[in-house]
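Subject: The structure we talked about

Hi there,

Here is the structure I promised to pass on to you. Please open it beside this email and follow along.

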Amino acid sequence: NGSSAPPSAMAPKRKGGAGPAAPPTKRARTAATAKPPPGVGGLRPEVVEKMFSDRVLEGGREWFTNRWVDLGSLRATDTGEEVHFMGKCGPADGSGEVHEGVKAAVRNGTLKHHHCPCFAGKWGNKCRHVCALLLAVAHSAGDLPIVRCHPKPKDAAEEKRRKKAVAEQVKQLRGLTIPELKALLHLNKQVVTGRKDDLVRRAAEGAVLGALPKCPECFGGNVRFDPTSGLYSCKGHFDDDQFVPCGFLSPEVERVPWVHP
């Protein structure tokens with residue numbers, strides 16, 4: 001007949017139908033209103049929006065919503081200090097280029113560094129693809145598996161021996177010319193770009209620890225070692241004229257015996 005039921009008829013009943021249910025206890029109310037736990041890397045949607053608030057002021061809410069992320073491509077790697085995210089992202093209307101290998105590193109809910117093939121973030125400007133990636137992570141935190149990638153604790157005595165051996169090699173290699181250093185690195189299939197100090201350090205670490213192998217994940221990229229974090233990584237490689245991104249990150253790789261000329 002279109003008439004609304006009285007409030008008492010809408011109230012939930014106790015078991016047995018004996019009148020309206022009692023109001024929830026203080027404990028029940030607290031549980032119902034408690035905030036969900038932080039997402040992966042401390043990310044929640046409001047945390048991500050705060051990271052990019054300066055760009056949103058320029059572009060409005062549309063800045064957040066005009067990109068899509070392939071949820072199946074999302075990857076998260078926890079290094080112990082940061083969580084590295086990687087995924088595939090493109091325009092929501094399908095009219096533009098799809099970017100693979102969109103990357104972001106988050107520490108304690110703060111964006112530390114990021115990369116996108118569109119190079120919008122090259123000079124520190126925050127990229128909307130990275131924003132879309134982190135929003136997708138924040139919304140799928142419960143379903144996103146995290147790969148733990150914590151370096152093994154360093155043996156103090158072994159670390160001291162390694163540093164001393166590398167320092168001795170550095171002294172010896174400083175006497176070589178840049179072409180000689182590049183020839184040595186090329187012989188061992190290592191990266192030959194950079195300043196002389198970079199070449200010397202690379203050759204010295206290779207002579208002591210062994211040569212860095214090709215990436216075991218993409219099979220084309222050059223593995224790089226970060227002595228500060230103790231982690232090995234690969235950003236990707238070029239296949240003809242197309243860049244193939246890679247998110248390899250590991251506390252260890254199998255180094256190759258160093259070849260002396």
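This is a predicted model: local features need pLDDT of at least 70, side-chain atom pairs count only at pLDDT 80 or more; totals for chains, interfaces and linings use all residues.

The protein chain contains 9 helices and 10 strands. Of its 261 residues, 36% are buried. Among contacts in the chain with a separation of 6 or more, 51% join residues 24 or more positions apart.

**Helix α9 and its partners**

Two packed helices are described by the angle between their axes and the distance between the axes. Helix α9, residues 196-209, packs with helix α7, residues 156-173, at an angle of about 130°, and their axes are 8 Å apart. The two helices are therefore oblique to each other. The crossing of α7 past α9 is right-handed. On the α7 side, the contact is made by R162, A165, V166, Q169, V170 and L173. On the α9 side, the residues are V200, R201, A203, A204, E205, A207, V208 and L209. Sorted by class, this contact of α7 with α9 has 10 nonpolar residues, 1 polar residue and 3 charged ones.

Helix α8, residues 178-187, also packs with α9, here at an angle of about 40° and with the axes 10 Å apart. This time the crossing is left-handed, as α8 passes α9. From α8, the residues in the contact are I178, L181, K182, L184 and L185, and α9 brings K196, L199, V200, R202 and A203. By class, the contact of α8 with α9 divides into 7 nonpolar and 3 charged residues, with no polar ones.

**The cysteines**

How many disulfides are there? The count comes to 0. C234 is in no disulfide either, and its nearest cysteine sulfur, that of C218, is 3.8 Å away.

Are these two residues buried or exposed? C218 counts as buried, at 18% relative accessibility, and C234 is buried too, with a relative accessible area of 3%.

R224 lies in strand β6, residues 224-226. With 44% relative accessibility, R224 counts as partly exposed. C234 comes up again here: R224 and C234 are 10 residues apart in sequence, and their C-alpha atoms are 6.2 Å apart in space. Leaving out residues up to four places away in sequence, R224 touches L212, L231, Y232 and S233.

V259 sits in the segment after β10, which spans 249-250. V259 counts as partly exposed, at 40% relative accessibility. Which residues does V259 contact, leaving aside its neighbours within four places in sequence? They are L184, L187 and N188. The C-alpha atoms of V259 and A211 are separated by 8.4 Å, while the two residues are 48 residues apart along the chain.

Terms used: Residues are numbered from 1 along each chain as its sequence is written. Side-chain values use heavy atoms; hydrogens and water are left out. Axes are lines fitted to C-alpha atoms, for helices over the stretch in contact, and angles run from 0 to 180 degrees between N-to-C directions. Helices (H or I, at least four residues) and strands (E, at least two) are DSSP runs, numbered from the N terminus. Angles under 35 degrees count as roughly parallel, over 145 as roughly antiparallel, 65 to 115 as roughly perpendicular and the rest as oblique. A crossing is left-handed if the near helix is turned anticlockwise from the far one by less than a right angle, and right-handed if clockwise. Contact means heavy atoms within 4.5 Å. Ala, Val, Leu, Ile, Met, Phe, Trp, Tyr, Cys and Pro count as nonpolar, Asp, Glu, Lys and Arg as charged, and the others, Gly among them, as polar. A disulfide is a pair of cysteine sulfur atoms within 2.5 Å. Buried means under 20% relative accessible area, exposed over 50%, partly exposed in between (1.4 Å probe, protein chains only).
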